[in-house]
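Visitor: I am new to this structure. Please take me through one part of it closely, and show me what it touches.

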Amino acid sequence: MSTTHLLIELVLMPLVAFVVGLAMLLMLRKIGARLQRRVGPPLLQPLFDVIKLYSKRTQVSHGLLHEAGIVVAVGAYVAIETLVPVPGMNGIAEKGGLILLSYLMMVPSLGLALGVGQCANPNGSIGLSRAMTAMLAYDIPFMLVVFGVAWQFQTTNLVELVAVQQAGGIATWGIVENPLLAIAGLFGLQAMLGKQPFEIYVAPAEIATGPMVEMGGKFLGGLFVMQSFQFYTAGVLYTTMFLGGGENWFTFLIKIFVVVAIPLSVAFMFPRYRTEDMVRLVWKWPVILALLGLVVAVQ
Amino acid sequence: MSVLDQLLVFAFMTGAVASFIGDRRFAGTLLAILYFGQFLLLVKLAPLGYGAQPVVSAWQPALFGEVLVWRMDALGWYFALITVVAGWLVTWYASGEWGQGYRERGGNLGLMHTAVAANVVAMLLLLSSGNLLSLFVGWELVSWAGFLLMVMNGRESGGVSGPAGLRYITYATLGAMALLAALAIAHHASGSFEYIDLIDAVDQMTGPTRVSLVIAFALAFTIKMGLLPFHLWQAPAYAYSPGPGGAFLGAISSRVGLWGLAMVFGSLIGIGRIAGIELIPGWFDLRDVFMWVAALTIVLPTFTALRQNDARLLLAWHGIGQGGYMLLGLAAGDALGTGGGLMHVLNHASYQAPLFLAVFAVMHRTGTSDLNRLGGLVARMPLTFLVMLIGIIGLAGLPPMNGFVSKYLVYISLLRQGEPLLFILAVIGTLGTVLSVFKLLHNTFLGQLRVEHMEVREAPWSMLIPMLLMASVVVVTGTAPGLVLDWVASAQAALGLPVLDHTLGGAAGLDMLWVSGVLVYGFAVGTLLFLSGNKSRRVHQFDNYAGGHFLTAENQYQYSDQFYAGLMHHIGGWYRASFTWAESVVIASVDAMSAAANGFFRRTQAVFLLLLATLGSVAWLLWGVGS
Amino acid sequence: MNAIVLPVVLPLLAAFLLPSLARIWSSAARVLGPVLMLVSLCVLWTTWGEHPTPFVVALGGFQPPMGIAFHVDSVAMLFAFLVAGGALLMWPAWTDDDTMPRLAALTLLLVAAATGLALSGDLFNVYVFYELLSVASFGLVSARRTGAAFAAGFRYLVISGFGSVLALLGIALIYLRTGTLNIAHLGQLAPESLADPFGLAAFALLLLGFGVKAELFPVNTWVPEVYAGSSARVAGLLAGVVSKLAVLVVVRMLVVVFPHDETRMLLLILGVVGVLSGELAAWSAKDMRRMLAFSSIGQLGMIFIAFSIPGEAGWVAGLALVLHHLVVKSGLFLIADRWGGALQSLTGAARVSPFTAGLFVLFALSLIGVPPLPGFWAKLQLVIGLVENGNGVYLGALLVFLAATVIEANYLFRLAVAMYAEGASSTVTAPSGGNRIGAAIFAAVLVAAVFLLNPLSEAIDDLAVVGNDATGYMDSLAGGAR
């Protein structure tokens, strides 16, 4: 692959991610609206929201780290997008892999946490402590799933993962080969996206939206962008692990939208759980499913 | 005189200088220069790190027919490099304002410098030991030099360091005695103390002999590393050492245990033979024991760290947990695992030392390491914050710092060997670490700045430069892990382990050059995006959303105590202090036996007892001969 | 006659003359003892140079096995040397008051008897010197004239008396069987006449009888009270020097007359129990004297374990431990002269006398066996010796020994850490100049030994060959006496 080609991919991959991610945000709001029998926002509403936030007159910063935190949160996702293969573009996916990605996805959260911390608002800190706890909770089943998939396909390389599943057809997709792992992975996805019932860290009435409490203007806009990346990344990662990746952009987009739509729909059916209940929930069913899936994988 | 001799003599000289003029004002600087000299001599030995033959010392004293041999190989050189650099930078750190402050608080700076130098000498002697006898000599020297450093801080620690040191030395003596037993078994089996003879003799050993040899070695080395269940001594002993000393100990001192295990797993006995000792045939062998001990050592101490409210104890507990990763990798036995385990030694030293130093810099300025009495210091000590930030990312093992690379190798090794449970334990350890170190960072540097810290200044350069140098190691070797993996591969070769196939960017499908590169690229994009927004305005920390309250200096607006209250609601009941309980049971039983022994000596009817004993002895002899 | 008898005869004579001399010229009386020790040292030194050892000295002109003989080999010389040297350094009678003559006379008596024990080649002689030693030590122990000293002395007297009876019974049994008490001669006769239950019973009686002074379990219950009640120098002499002479007697009998597995095993087991009971008791001792006393029981147990190892390895380990313990424990008891009280009173003592505290740490390190200090090399020999013997009981002894060392490290450094505790003020005063110098000399010996390990190890190897050479001992009889 030529250097130019690679450079183009490095620019294109985050850009695509951004656009698709915004569309996913739109989808989230549409699903919510449909469930409540509303029409929902127009097509470009998420984009307008971002632009509005970035161009607001009042932009309150609590210090350099507050700003740097947002930069890291967004920037790390930009980097992450170059590490997940999409149809036609592998970027530098072969330099990393499943495990690297699992850990790299903590970096944006860390950036956000730094920024929130500098805001010096206890509501934000409480939100962080809850978000961290949630991460500890859902990463355990998620990493079990990662292990299972890597063991099943004998590789952690995402490109190879996709290649194996596409070569063998649907019968070799992760979801067919090991549905238990796929279900457990879906659970993890739900928690990772921070939607109900895993939403205690926001809790608007209790801690005034937690991490977001001191965020406004382009800071909130940054979080918005970060969330769009997050949806996209989660969708792609799950698709890569269980749904054979993308043969072409058409099927690929369908897959990732469906993947993300499931947790988003589920979210609207749940209240938010208390932290300890959330931990208990995640450490019970997903872990059991993942362990059973592992037994199947190792067989 | 070989370069090794020069190095040892130079290290001794450094110690002598420290003990004579250690309390002078210029001593720290002079000593830092001397350590740098040691470092240069190690650089002269650098070919060892790239596969050169071991360097032998010319000095080989013979006693009771046994010879003491010193010989440095790639493994020893690798550890020695970490040791000397750690010694150099912590001494530099202590050379300026910190040392001044320590002396003013009544600390014995000269003794601290001497103790650090003694530790370095002892470590060098140990790491270059060429047979079992010199290994034992070095081992004991390291133990006792560490003890000196731990107990000398009585004033500063409020008298806590003494009992902590005593607990340490009791455990250390237990380890030393186990090592002595191993020496004896080896001598019995091979007729000498030479490594080569032992290696030859291992095959001829009977099963029980081999098992007891492995157990004796393992006991000695695991106690030193603070692996479960012998970990209780470590955290308080390291936390209450004088600042730079504690940083040195935390960085490298206990890793000699890993060095020893590497020798056992590598050359002396061999991981294959250890795996061949089956406890439940076909299901569980001795190697699995090591791996499970390592995995539990990762998890339990890490979650103990999560509950600490003193920054020093928190870090020290993490130090124990990180040892688990090293052993886990080493016991995995393949090129990836052992490579990751060995690399983690350097990585751990490179972030643990600056983390300790950053905590002590905060203590130097604010007088406390209590995580509930700090906060918001990032505005006052931004560089110290940066050091701690890099350090905690390394400690937590997140990319792009070096801690991730070594852990990655261990993960992949476990993955390839199909060990999901060990893998998930290792991951749980990492997640717990993330939580815990974020609390450390948050409670120290983030949130509201306290009123009494409004005037706090950044740490002086004499403290910052060494910290920044160490932190830069974390970044550089995280980006280009191949620099370290070269040395690790040589060490593996020296041990007779499979050698890790690697590039400058990493190994096993990981290329950190690219990963770091795209991260920089991502951050650049993120910055551009951020700057594209409207210009922001800085506000005071009291200018905050407080739900209708007015924020003033009197109004504490910080969240730090019981940081993970929700989590603790759930897992708090799992902390049972079982090891502390077990330790107290051992102590109580020794106490009871001691009381019994005392009672024997207090008996008034001594003669009656004597008569009984006489009759008993005579009867025993007669019976013995008769049968 | 031979000059070698002088170290026995001169102190004996002086002991009787000294009270009278003290009345006439007290300062001469005060230095008489130490001077004699110096003379003894010179005599021993020259004799060692002149004679190819071993040789036999017949006292009164009667040839052995009929007459009473001294058996002089390098091991005996070494122990005689240690007696004189130890007594010189630990001389307890420097006092200015009226107890001086009595103390000096008793010490001289003790020295004469101890030297006699080292040199005797005949059981009757051994018994006589042993009784003399007992008498002298009773006097020394109760010399302080306090209630505790008398009580301890009485206890000592009772146990010691019982031990003497046992020893005498053992000697009687042996004489009954063989009609001789010359050890070399016994050695020749033993295979036919003493290698049976009868002979072994005699050995057990001897072991327990002489074991009283050697702090052998279980006849050592006098030790803590006596060392706590008597003056530190007397305690040092008893623990450091006298105990080793009793060990020598027992080990000589073991090697020359009773070289059986059963006898070794008895020694080993009693040694193991001694190590355990001593170190455990020391762990919870409340004052330094008792702590040192219990520790010395433990160390003597280790010495017994060492000598129970067959062959030269046992002797090497045993001799090394003997020498090491003599130096270290004597030094520690000198420190304990003023610091011997409750351990709590020593908290912060390092500030009272940093030098003394430093010496304590040095001795403690060597006692635990931290390389490169001599204690390590001694213990290493023991450990290797135990494993070389491979069988179960020896390995069990090894485990006990290792565990005991951990306990030892704990209680010794519990005290050391307390000594250096910050912010505490100790009530003790610095040890007297004489004691500090004495302890410093022992410390210097210890440190010098580190640098002289090589020649020392060779010397000990040679000594071990001699000590273990039972036939050599017996053959010396054939060579005739001088």
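**Chain B and its contacts**

Guide: Start with a single pair. Val60(A) stands opposite Arg537(B), a residue of strand 9 of chain B. The model is predicted. Strand 1 of chain A, residues 60–61, runs parallel to strand 9 of chain B. The two strands are joined by 2 bridges.

Now widen the view to the whole contact between the chains. Chain B brings 61 residues to it, and chain A brings 69. On the chain B side, strand 9 (537–538) is one of the elements that give two or more residues. The others are helix 17 (402–417), helix 18 (420–445), helix 21 (512–532) and helix 22 (565–571) of chain B. Helix 21 of chain B gives the most, with 13 residues. By class, this side of chain B holds 36 nonpolar, 21 polar and 4 charged residues.

Next, look within chain B. Its domains are domain 1 (1–269), domain 2 (292–528) and domain 3 (579–626). The C-alpha centres of domain 1 and domain 2 of chain B are 23 Å apart. Their contact takes 45 residues from domain 1 of chain B and 46 from domain 2 of chain B.

Stay on the domain 1 side of that contact. Helix 3 (74–104), helix 9 (234–239), helix 10 (243–251) and helix 11 (256–268) of chain B each supply at least two residues there. Helix 3 of chain B has the largest share, 15 residues. The side of domain 1 of chain B that touches domain 2 of chain B has 28 nonpolar, 14 polar and 3 charged residues.

Conventions
Residues numbered from 1 in each chain as written. Chains lettered and ligands numbered in written order. Predicted model: local features only at pLDDT ≥ 70, side-chain atom pairs only at ≥ 80, totals over all residues. Domains from an automatic or database assignment. Contact = placed C-beta atoms within 7 Å. Helix = DSSP H or I, 4+ residues; strand = E, 2+ residues; numbered from the N terminus. Nonpolar A, V, L, I, M, F, W, Y, C, P; charged D, E, K, R; others polar. Pairing = 2+ DSSP bridges.
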